[in-house]
Amino acid sequence: MDGLFTPVSTSYKSSDQPVEDALTLVESAKSKAPKPSFQFASTPTEALGLLRSEPDHDTLVSTLQFLANYPGFSIQSPSPLASQLVHVLVSEIVPNYWDVLQAGKKYRPAKQGSSSRLSEFELVLSCLRSVSGINSVLLSLKRHIQQSKESKQSVGGPNFEELLRIYLLLLQALLEGPQTVEIIWRSIYEASDPPSKQKTVWNEFLRLVGSGKIIGIAAEAEDIINELGKKVGEKYWVADGGLFSHWLARNLTFWIKILSADSETASKHCGELLSKTFRLGYTENIVKELLTSLPLDKQEYSTRLTGLLNVIPTFEYRKFLYTVLKVAPGLYLSASVTTEDDSQWWQSDTTTVSSVASLISQIVGDNVPHHKEHLVSWLTGSSGAGLGDGIAIRRAVVVVLSREKTDIKTVLDKSLQQFGDQLYIKHTPTLQQDVHAQVLLLAAGYVHRIAPLHLSMMMRSGAYLNAVSNRLAASSPRARFLGMVVGEALSRLVDKEDKRMDFKVDEMSTAEARWFKSLVNVSDTIGSLDPLKSGRAANLANHTKPRSSKAATKSQAPSAGSKIISIEEIETDEEESDDDDLTPYAKPDSDAEDSDEDPTLITRNKHTSPVYIRDLISYLRDTENYDRQRLGLETAAPLIRRKTTFGTEVTDHAEELATLLVGLQDKYEIENFQDMRLQGMIAILIASPLKMGQWFSKTFFDGDFSISQRASVLTTLGLGARELGGFGAEDSTLAITKPLPSSFPSKTLPSSLHNYYSGTKPKATAVDALSTQLQNTMIAPLATELADKLTGPSILKIRTFSSRMAVEQKRKKPIANSLAKVVSDGFFFPLTGRFFMHLKAYGSSHHNVAFQPYLLALLIKTLSLLLHASGPSTMSLPQMTSEFWDLLLSLRTQSIGDITVIEALLFGFMTILEINEDKRPVVEAHGRQMLETQEWVEGVFGRVGGGGSEEDERVRMLAAGVLVRVRECVEKYQALLMGDLASFQG
């Protein structure tokens with residue numbers, strides 16, 4: 001072994017050499033910049049060197065002042081040197097001096113021209129208030145966001161929470177104020193740069209503010225700050241799309257106000273920014289700010305706004321105009337659909353309508369023809385005419401178009417052609433047909449006054465006769481009603497008294513029919529904007545006229561002979577002797593509240609339960625007080641129900657109460673918060689079903705609420721409708737959250753945390769539970785019938801006969817169904833009408849909140865519950881069936897890949913087939929829909945195989961039930977379906 005290892009060399013260590021340390025400090029590869037010898041900069045390059053060398057406070061101030069005042073160089077203008085200066089300021093100077101700069105904001109100079117720390121902060125902002133500065137701040141935010149994500153798995157490192165907070169505050173300070181956009185534009189176009197470079201920089205700024213880049217980066221940084229920090233819910237306005245759009249709208253209004261008439265470049269670029277702002281998704285916020293600050297301020301501002309609207313693209317102008325028509329009813333006009341039995345009802349708000357017409361007229365202008373075409377399209381289009389709003393906005397638009405004879409004739413001709421189309425009558429939602437009928441009658445009245453000969457010739461044409469005939473032949477009672485109303489109203493305008501059309505039916509004598517006929521007499525004018533400026537229109541819009549109701553039976557007052565003059569207490573010796581035998585209670589040692597160890601936590605001033613609706617509103621608004629919030633929620637439902645039949649206190653504040661309850665957040669994790677909130681919303685709905693049903697339907701689609709809040713709105717509509725239909729006792733246990741079972745004597749986490757950590761599924765909503773219960777109820781007879789067939793022929797079976805008394809005892813007592821009177825106008829048609837309107841306006845993508853799978857399934861189940869609760873004897877059942885069937889068939893594509901939507905669609909089909917007891921009219925009117933349903937359900941039944949999950953089994957069972965019902969109808973009425981079968985198979 002010794003021969004295997006041979007020494008190569010031998011070295012010896014001298015004891016004279018010093019021993020080196022085991023650990024040696026290695027200098028960082030990044031060496032610090034050398035300290036310059038000069039203290040004050042004379043060129044921008046020297047200023048860059050000073051900023052890089054960690055300057056002291058005095059050097060920083062002098063350098064910033066030099067950069068702000070140096071002639072021939074602008075740090076706002078993009079250049080290599082300016083970019084380096086901006087980068088140093090953002091990455092090094094601002095984080096190091098931020099506390100000093102922020103502390104200086106508290107102090108203000110005593111005299112003009114004196115130096116102060118506020119001027120230092122303004123100097124930093126003035127150097128960074130440019131496209132390069134904003135881009136640099138955004139890049140720093142993105143870099144630190146990425147580093148914070150990578151450093152979650154490591155220990156130590158920089159404080160990313162503090163850095164992100166600094167840059168967000170810096171970004172807010174750079175953008176804050178109504179003059180920021182105009183200052184940045186002036187810094188771009190007043191510089192001596194080539195025009196091509198100026199255009200490039202301006203386009204980059206438009207991309208920053210118009211594409212949502214600032215909002216996206218800031219929102220992500222805000223989310224990381226809240227995740228890393230201890231303060232939950234810290235908000236920054238640059239991360240909120242609504243607040244950012246308000247800031248942008250204020251900058252736009254300021255810029256428009258100072259525009260000069262001869263500045264074509266500024267007007268063009270202002271129009272480009274206005275066009276970009278519409279793409280942020282907050283068009284309503286921007287339009288409201290522009291309307292309030294420009295047309296309602298001065299006439300010259302309105303002229304400037306009209307000039308800008310003339311240069312923006314056509315589709316952007318249409319979006320602006322349609323948004324104005326959407327927000328105007330909520331701002332100035334009455335939102336309620338009035339059907340008063342008074343021929344002069346329209347004169348009560350004619351001043352406000354004239355003012356809104358003047359506003360629309362100024363926006364439309366006179367020199368651009370396609371602007372009026374947008375108004376005509378809005379009135380006669382499939383998704384316009386102010387669906388769900390009052391008739392006041394349609395009156396305003398019609399009177400604007402009535403200035404030109406050609407325009408109002410076009411509206412009348414298109415409305416009549418659409419009114420008589422058979423496909424339109426059969427498949428268009430009833431709510432939309434009502435709106436278009438109003439437009440037709442309004443336009444006919446103006447044409448009769450402007451060009452009576454044109455109206456007379458139109459009524460002799462085949463289009464008018466076909467329209468009335470198709471309406472009278474329709475299967476929907478509402479369609480026939482509208483046809484008769486239009487026929488009689490137009491005949492009164494043209495025909496003589498002995499030749500006027502008169503159907504002589506009771507429906508034409510109702511208050512609603514007389515109101516429709518009076519629309520041809522409405523004659524508004526274009527007025528001035530003074531009522532809108534003074535705020536009288538806003539008061540009218542918020543004012544709701546209470547409906548007249550029958551007087552409630554009051555308790556009789558005591559008779560005059562029993563009037564109490566005085567009460568005197570007389571004590572006798574016997575009573576005094578009896579009091580001596582009573583043993584007094586001992587005083588308690590201490591108050592129960594004194595048991596708390598911390599005396600500061602003892603609450604002596606306890607709040608009492610609210611006894612008036614206005615007190616309840618104040619309790620719910622006080623989100624900073626736990627006791628008032630809890631008391632308000634606990635007493636909301638019983639107080640509203642108690643006050644419903646006592647005066648108009650609930651109806652006057654119904655919308656305000658509903659808005660508070662829908663938007664209420666569980667800030668204090670109150671026990672049974674969702675249940676108490678839901679019961680309060682149901683109580684409001686029960687108090688005024690027609691009005692609040694329409695309000696909740698509108699809130700679900702148009703309100704700015706979360707998915708859970710929209711789901712609670714649908715649950716309110718479903719449970720409230722069932723309570724009106726007489727099913728309240730059955731549903732009383734569904735909205736009560738049962739406590740979680742505990743197998744050991746310890747405290748249980750809150751339900752949300754318990755479900756998360758234990759892995760249990762969250763409790764199903766009341767609508768889901770009801771739909772499952774109804775599914776089982778509908779499927780059970782089918783299963784029993786099939787099982788009965790398998791046991792043998794019926795002749796061999798033994799039948800059991802019960803006595804008449806036993807049968808009468810088991811029979812359920814009839815329940816008064818109050819829902820049948822209001823289900824169509826208050827619940828069902830507003831939901832389906834607005835759904836189709838949103839489908840045409842926003843498409844069927846997931847960006848449309850109504851097509852979010854969970855909400856879509858819940859909406860279908862809610863409509864099914866409404867249809868089931870209305871009962872088979874509802875007068876509007878044929879029209880409800882038609883609209884619901886069309887809606888279900890239109891959602892077959894959206895159900896692909898989502899089992900919950902498929903289950904909801906099958907439940908809807910099953911409800912339609914169960915609630916329509918007489919199948920013959922259904923087969924006659926909806927033969928093709930039935931065959932399409934059969935084909936789709938067969939495909940679902942084949943795709944969803946057996947032996948899968950619980951949801952798959954439930955879907956398969958529902959599909960089988962629908963197939964059985966459909967095939968029963970097809971086999972029984974095969975002769976009626978012969979034509980549909982031939983065309984469908986061909």
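In this predicted model, Arg928 and Glu932 form a salt bridge in which the closest N and O atoms are 3.7 Å apart. Both residues belong to helix α44 (residues 927-943), where four residues, about one turn of the helix, separate them. Arg928 counts as partly exposed because its relative accessibility is 36%, which falls between the limits of 20% and 50%. Elsewhere, salt bridges with shared partners join Glu161, Glu162 and Arg165 into one network. The structure holds 30 salt bridges.

Other pairs connect separate elements. Arg965 forms a salt bridge with Glu914, with 2.8 Å between the closest N and O atoms. Arg965 lies in helix α45 (residues 950-972) and Glu914 in helix α42 (residues 899-915), so this contact ties together parts that are 51 residues apart in sequence. With a relative accessibility of 17%, Arg965 counts as buried, because the cut-off for that class is under 20%. Glu914, at a relative accessible area of 26%, is partly exposed.

A further salt bridge brings together the side chains of Arg395 and Asp349, at 3.0 Å from N to O. Here the link joins distant parts of the chain: Arg395 sits in helix α17 (residues 392-401), whereas Asp349 is found in the loop between α14 (314-331) and α15 (350-364), the two being 46 residues apart. Both Arg395 and Asp349 are buried.

Rolling a probe the size of a water molecule over the atoms shows where empty space is left. Two cavities of 30 Å³ or more are present in the structure. The largest cavity contains about 90 Å³ of space. It is lined by 14 residues, of which Gln76, Ser77, Pro78, Ile188 and Val201 are the closest to its centre. Helices α5 (131-150), α7 (180-189) and α8 (195-210) are the elements that each give two or more residues to this lining.

The lining of the second largest cavity divides into six nonpolar residues, one polar and one charged.

Technical notes: Residues are numbered from 1 along each chain as its sequence is written. This is a predicted model: local features need pLDDT of at least 70, side-chain atom pairs count only at pLDDT 80 or more; totals for chains, interfaces and linings use all residues. Side-chain values use heavy atoms; hydrogens and water are left out. On a 1 Å grid over the protein atoms alone, a cavity is a set of points where a 1.4 Å probe fits but cannot get out, and a pocket is an open set with protein on both sides within 12 Å along at least five of seven lines; lining residues have an atom within 4 Å of a point. Grid points are joined across faces, edges and corners, and a volume is the space filled by probe spheres set on the points. Ala, Val, Leu, Ile, Met, Phe, Trp, Tyr, Cys and Pro count as nonpolar, Asp, Glu, Lys and Arg as charged, and the others, Gly among them, as polar. A salt bridge is a side-chain nitrogen of Lys or Arg within 4 Å of a carboxyl oxygen of Asp or Glu. Buried means under 20% relative accessible area, exposed over 50%, partly exposed in between (1.4 Å probe, protein chains only).
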